[in-house]
Amino acid sequence: MKKASIAAVLAACLMICGAACAQETLRLDGVIEAGQTLTVFAPYSGITGDFCVRAGDELAAGETLFTISATEIRADCDGVVAALYAQPGDSAAYLTRRYGALAYLEQDVVYTGDCTISGAASDSENKVIHPGEQVYVRSVSSSSRKGTARVISVSGKSYALEVETSDGLRVDEQIKVYRESDFDSDSCIGSGKLNRADPVAVSAEGYVLGVHVKEGDAVSRGDLLMTVVPDQTGAATGGDSAVVMPEDGVLLSVSANSGAQIEKDAPMATYCPAGGMQLVCSVDENDLGGLRPGMKATVTLDALPEETIPATLVRIARSANDRGEFDVTFSLEEEETLRVGMSATAEL
């Protein structure tokens, strides 16, 4: 009876120890890493502008990372956008072949005049015309049709002018030109013919990056019409010359340099998408036996020991790392406190 009692006690102890061992928690130390690394490429060639983003920044989709210089196409004259063919992404060469230009501006100056000093008053001063001077024009066939003009160029006895205001003047009309607004014959400086001021063609080379006007818009000389770049644009642009964050995420590295030439498709930065962080732990081969993908765990950050993050074991490496251990990877539920490089512990 005594031997039987001892055997029973030993068996009970073994069962208790087995249960305790089965319930033992496995703790694995590791580091938070980027679960996915994606690259932002230069969408076209140019010079990288100044920027302030750096590795570690958390950015939202659409936020500007960099700018790349683009050629600005500006209005050559005051007028109205009469026709606009260009849209972002268009080839300037194709538009020029098809339409003759990317856009056309209808000038505020409706008429130009080709004139000579023929018919000028006999005073020699009236036969010396000066570029830029204000003059007055009147129809030869009807004195009620008149306007103001400005001399734009002079060549010998010939000169050209632009009509700035018109009261009934017509295309192809014969005119006389005067220095005085009362059209006194003594101030006549010549005669000529009115022509329609042709629309101004807007031309460029490369690919259209952005369009800043629409048909019917009034523009002034020097106003920005559109921007163009040398290469066909990629998808990583936000319009204008901005390279933007494709999605919410964290910058892992920045390879672009301010003021440096960059070629199309060159890498500018890498990032980890939001929610893409994971915990990687190095495990001794003797601890691999009890691990299986799909096992649930809780993760505690060394910096925030009072908080836990749900996790799932998703991958067990098939080969050892440089320390002779095996990397075990856990996916983590998205948590604002996570930072790449943080130390953490997984408990299973």
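Threonine 329 sits in strand E26, which covers residues 326-332; strands (E, at least two residues) and helices (H or I, at least four) are DSSP runs, numbered from the N terminus. Threonine 329 counts as buried because its relative accessibility is 4%. Here, buried means under 20% relative accessible area, exposed means over 50%, and partly exposed lies in between, using a 1.4 Å probe and protein chains only. If we set aside neighbours within four places in sequence, threonine 329 is in contact with Gln278, Leu279, Val280, Thr312, Leu313, Val314 and Arg315, where contact means heavy atoms within 4.5 Å.

A word on what you are looking at: this is a predicted model, in which local features need pLDDT of at least 70 and side-chain atom pairs count only at pLDDT 80 or more, while totals for chains, interfaces and linings use all residues. Residues are numbered from 1 along each chain as its sequence is written, and side-chain values use heavy atoms, with hydrogens and water left out.

**The nonpolar cores**

A nonpolar core is a set of buried Ala, Val, Leu, Ile, Met, Phe, Trp, Tyr and Cys residues joined through side-chain atoms within 4.5 Å. The largest one has 24 residues, and Ile32, Leu279, Val299, Phe330 and Leu332 have the most contacts inside it. Strands E1 (27-34), E23 (277-283), E24 (296-301), E25 (304-316), E26 and E27 (343-347) each give two or more residues to this core. A second, separate core has 20 residues, including Cys77, Val200, Val208 and Val219. Leucine 279 itself, leaving aside neighbours within four places in sequence, is in contact with residues that include Ile32, Val299, Phe330 and Ala346.

**Cysteines**

A disulfide is a covalent bond between the sulfur atoms of two cysteines. How many disulfides does a search of the whole structure find? The search finds zero, with a disulfide taken as a pair of cysteine sulfur atoms within 2.5 Å. Cysteine 281 is in no disulfide, and the nearest cysteine sulfur, that of cysteine 272, is 17 Å away.

Is cysteine 281 buried or exposed? Here is its accessibility beside that of some other residues.

| Residue | Relative accessibility | Class |
|---|---|---|
| Cysteine 281 | 0% | buried |
| Threonine 329 | 4% | buried |
| Aspartate 248 | 40% | partly exposed |
| Cysteine 52 | 73% | exposed |

**A three-stranded sheet**

Three strands form an open, antiparallel sheet in the order E6-E18-E16; two strands pair if DSSP finds at least two bridges between them. Strands E6 (71-74) and E16 (207-211) are the edge strands, each pairing on one side only. Four bridges join E6 to strand E18 (residues 224-229), and arginine 74 stands opposite leucine 224 in E18.

**Two polar side chains**

Asparagine 195 belongs to strand E14 (residues 188-196). Its side chain makes a polar contact with the side chain of aspartate 114 at 2.9 Å. A polar contact is a pair of N or O atoms within 3.5 Å; within protein, one must be able to donate a hydrogen and the other to accept it, and residues adjacent in sequence count only if both atoms are side-chain atoms.

Aspartate 248 lies in the loop between strand E19 (242-244) and strand E20 (249-254). A polar atom of the aspartate 248 side chain lies 2.7 Å from the backbone nitrogen of alanine 61.
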